[in-house]
Amino acid sequence: MQEVAKAVIPSGTPEVQVGIADWKVGKEPVILITLGLGSCVGITLYDPVHKIGGLVHVMLPRMADFSKGSGKPAKFADTGIPLLLEEVLRLGANRRLLEAKMAGGAQMFTGADNKFRFDIGERNVEVAREVLRNLGIKVVAEDVGGNRGRTMVLDTATGRVMIKTLGSQIKEI
């Protein structure tokens, strides 16, 4: 899915992949990319003055709801977002300037949801919004819901977040 980055980012800019249940931070010029956002949610934090940003790829809403996974705090919205905040602040971001963007939270298995009521994508988005609100970080844009996977790209030089949804054109949020 490097096509998303190549379509909008100057060539030669270092690219860093953010895996599932992982996070990365960077200071310009760095491109942060995460693939495979289905019911998972990608959350970016960006300081436009210091040009520092981070991206976390969370899978599930709350660590306490699952017995496994305590060793991977970035797997959960309630523990991964504070971890991302800590890392962008450590890199020199100003907390008062941070803006958040969010993508993902799709309903990938509609048949299963009617039977089991997982709604993981929707719950991931709700908890991510709640955590960001409690941290005092404004969500300035989001592309959530639907039933298709997404790729999310953050350009730390500009703060632009590009989204490629399966079967759709690249768009900026």
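## Strand S3 and its partners

Strand S3 and strand S8 (residues 150–155) run antiparallel to each other and pair over five bridges. Here, two strands pair if DSSP finds at least two bridges between them; strands (E, at least two residues) and helices (H or I, at least four) are DSSP runs, numbered from the N terminus. Within this pairing, Leu37 has Arg150 of S8 as its bridge partner.

S3 (residues 31–37) also pairs with strand S1 (residues 15–17), this time in the parallel sense over three bridges. There, Glu15 stands opposite Ile31 in S3. Five of the seven residues of S3 are buried, where buried means under 20% relative accessible area, exposed over 50% and partly exposed in between (1.4 Å probe, protein chains only).

## About the model

This is a predicted model, in which local features need pLDDT of at least 70 and side-chain atom pairs count only at pLDDT 80 or more, while totals for chains, interfaces and linings use all residues. Residues are numbered from 1 along each chain as its sequence is written, and side-chain values use heavy atoms, leaving out hydrogens and water.

## Helix H4

Let's check the length of helix H4 (residues 120–134).

Among the buried residues of H4 are Ile120, Val127 and Leu132. Strand S4 (41–47) and helix H2 (77–90) are included in what covers them. Just after H4, Gly136 takes a positive phi of about 75 degrees.

## A look at Thr44

Thr44 sits in strand S4. Thr44 counts as buried because its relative accessibility is 2%. Beyond its neighbours within four places in sequence, its contacts (heavy atoms within 4.5 Å) include Gly54, Glu99, Met152 and Val161.
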